[in-house]
Every structure is written in structure tokens, then in C-alpha cells.
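The sequence and structure come first.

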Amino acid sequence: MKKPLRFFALSVPLMATLTACVPSPQQLETTPVKVQTPKGVVTCQLYRHDRVDWDRAIDFPATKMTVSEADNYCRQEGVRRLNR
């Protein structure tokens, strides 16, 4: 077998196997939590307890805050829970 073909033949199954091992964010979801903010209640979808990268708002008072502001409240809640 030629080297490029051999590399391809070995790398494709390896990558497919490794990709199947990586959990999706949906597999790591916790029960949504409500966070009281000065602008109203934000419902947060938190994920892993040891990371806050995916934490995000799933419901918030849209007339009072932006998506990024609501997401920031959720990340802050994730950090608060991480540091307990």
C-alpha cells in the first residue's frame, strides 16, 4: 500500500472512533436553574460542574437584557457553583 493511502486507511477509522467518544453538550446538561438578577429572572442551562464554557441562558427578560448579558449571568452562576 502506498503511504498516503495507508495513512488514510488508518486515520479515518481512528478519527471516527475518537469522535464517538466525545460527549455532546446535551449529554452533559444539568437541570435548568433560575437565577435572580437585577433585571429579572434568567433561566440557565448549566453543563459540566467543573467547567462553565457551555453555560448559557435559555430564558430571560428580552426587553431588559441582551443574550450576551443573560449568558454572562449563567456563566457567573456556573462559577459560583464551581467555587462552593
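Gly-40 sits in strand 2, which covers residues 40-45. The model is predicted. Gly-40 has 17% relative accessibility. It counts as buried because this value is under the 20% cut-off.

Beyond its neighbours within four places in sequence, Gly-40 touches Val-35 and Pro-61. Lys-64 lies 24 residues away along the chain from Gly-40, yet their C-alpha atoms are 7.9 Å apart.

Now the charged pairs. Side chains of opposite charge can pair when their charged atoms come close. The model has five salt bridges. Among them are these:

| Salt bridge | N to O distance |
|---|---|
| Asp-50 and Arg-48 | 2.7 Å |
| Glu-77 and Arg-80 | 2.8 Å |
| Glu-77 and Arg-81 | 2.7 Å |

Take Asp-50 and Arg-48. Asp-50 is partly exposed, at 46% relative accessibility. Arg-48 is also partly exposed, at 34%.

Helix 2 spans residues 67-82 and holds both Glu-77 and Arg-80. These two are three residues apart, about one turn of the helix. Glu-77 and Arg-81 are separated by about one helical turn because they are four residues apart in helix 2. Salt bridges link Glu-77, Arg-80 and Arg-81 in a network.

Is Glu-77 buried or exposed? Glu-77 is buried, because its relative accessible area of 10% is under 20%.

Technical notes
Residues numbered from 1 in each chain as written. Predicted model: local features only at pLDDT ≥ 70, side-chain atom pairs only at ≥ 80, totals over all residues. Heavy atoms only, no water. Buried < 20%, exposed > 50% of the residue type's maximum accessible area, 1.4 Å probe, protein only. Contact = heavy atoms within 4.5 Å. Salt bridge = Lys/Arg side-chain N within 4 Å of Asp/Glu carboxyl O.
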